[in-house]
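Student: Hi! Could we walk through this one together?

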Amino acid sequence: MRKRRKVSFDPKIFLAQVGEGKTIAKYQRGQIVFSQGEAADAVFYIQKGKVKLTVISEQGKEAVIAILEPGHFFGEGCLNGHGLRIATTAAMEECVITRIAKSVMIAAIHREPDFSELFMSYLLARNGRIEADLIDQLFNSSERRLARLLLLLANFGKEARPEPIVGKISQETLAEMVGTTRSRVSFFMNKFRKLGYINYNGHLEVHNSLLNVVLYDWPEIHTSESRVKNR
């Protein structure tokens with residue numbers, strides 16, 4: 001008897017198809033995917049759209065800890081023994097999201113090397129981002145933190161060409177992610193626009209020149225700020 005050839009496994013097809021323990025759902029802007037404190041029993045994969053992760057402290061203070069895009073997983077804490085969700089996840093625009101039951105996710109990681117490689121690459125990239133965010137909070141000014149956040153949201157540093165930031169991201173959300181006030185974010189955004197680093201034309205567009213704020217302490221920035229204060 002001929003041995004049956006194993007069908008090649010494609011992680012993207014696996015994530016894009018409904019199957020045992022997998023469902024695909026659409027979420028409208030503002031719709032909750034899961035809430036902080038709910039049972040953690042599945043991992044999610046974003047096919048389309050953006051979601052934000054929000055944490056609320058016991059005192060009721062809310063903070064946006066991440067904005068995730070297509071190709072990102074979330075809710076993976078259930079694989080590490082987290083019985084409850086530690087954050088709330090909500091759609092920022094229309095999203096298409098795959099839900100993978102915990103048992104199915106674990107089985108795919110064990111049985112399919114290609115899927116394991118994809119998921120491991122994501123975890124390493126996510127860990128690197130968290131470390132960079134921590135360094136950013138410890139050592140950089142709120143102005144530089146905002147500039148870095150805008151560059152990340154516009155996909156600078158990735159292989160893909162930088163794109164306008166699609167979807168409405170409020171200044172309140174930016175302030176929560178940067179760790180400053182909305183008024184400071186408004187001041188810096190107006191400043192970046194006057195310097196030609198960003199512009200609004202239906203969508204927020206970020207230019208390469210915004211890297212100057214992150215990489216260098218350019219005199220131009222101080223000169224412009226002085227003019228604004230003197231007016």
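Predicted model: local features only at pLDDT ≥ 70, side-chain atom pairs only at ≥ 80, totals over all residues.

Student: Good. How do β3 and β8 pair, and over how many bridges?

Tutor: They are antiparallel, over six bridges. Within that pairing, Lys48 has Val96 of β8 as its bridge partner.

Student: And what order do the strands of that open sheet have?

Tutor: The order is β1-β8-β3-β6, four strands with antiparallel pairing. β1 (22–27) and β6 (73–74) are the edges; each has a single partner strand, so one side of each is left without a neighbour in the sheet.

Student: Which helix packs on it?

Tutor: Helix α2 (residues 102–111), which touches β1, β3 (42–48), β6 and β8. Contact here means heavy atoms within 4.5 Å. The direction of α2 makes about 80° with that of β8, using axes fitted to C-alpha atoms, for helices over the stretch in contact, with angles from 0 to 180 degrees between N-to-C directions.

Student: Back to β1: how many bridges does it share with β8?

Tutor: Six, and the sense is antiparallel, with β8 covering residues 95–101. Ala25 stands opposite Ile97 in β8, and Thr23 has Arg99 as its bridge partner there.

Student: Why is β8 described as largely enclosed?

Tutor: Because six of its seven residues are buried. Buried means under 20% relative accessible area, exposed over 50%, and partly exposed in between (1.4 Å probe, protein chains only).

Student: What about the other open sheet, what's its order?

Tutor: β2-β7-β4-β5, again four strands with antiparallel pairing. β2 (32–34) and β5 are the edge strands, pairing on one side only. From one strand to the next, the twist averages 30°. β2 meets β7 (residues 88–91) in the antiparallel sense over two bridges, and Phe34 has Thr89 of β7 as its partner.

Student: Switching topic: how many residues are in the largest nonpolar core?

Tutor: There are 27, and Leu146, Leu150, Leu174, Phe192 and Leu210 have the most contacts inside it. Such a core is a set of buried Ala, Val, Leu, Ile, Met, Phe, Trp, Tyr and Cys residues joined through side-chain atoms within 4.5 Å.

Student: Which element gives the most to it?

Tutor: α4, with six residues. A second, separate core has 15 residues, including Leu15, Tyr45, Cys78 and Ala108.

Student: And how many aromatic pairs?

Tutor: The count is 10, where rings of Phe, Tyr and Trp (its six-membered ring) pair if their centres lie within 6.5 Å, with planes under 30 degrees apart stacked, over 60 edge-to-face and the rest tilted. Phe187 and Phe188 have ring centres 5.6 Å apart and planes at 65°, so that pair is edge-to-face. Phe188 is buried at 3% relative accessible area, whereas Phe187, at 25%, counts as partly exposed. Ring pairs also link Phe14, Tyr45, Phe73, Phe115, Phe119 and Tyr122 into a cluster.

Student: Last one: which ring does the charged end of Lys22 sit over?

Tutor: That of Phe14, 4.0 Å from its centre. The rule asks for NZ of Lys or CZ of Arg within 6 Å of the ring centre and within 35 degrees of the ring normal. Arg85 likewise lies over the face of Phe34, at 4.2 Å from the ring centre.

Technical notes
Residues numbered from 1 in each chain as written. Heavy atoms only, no water. Pairing = 2+ DSSP bridges.
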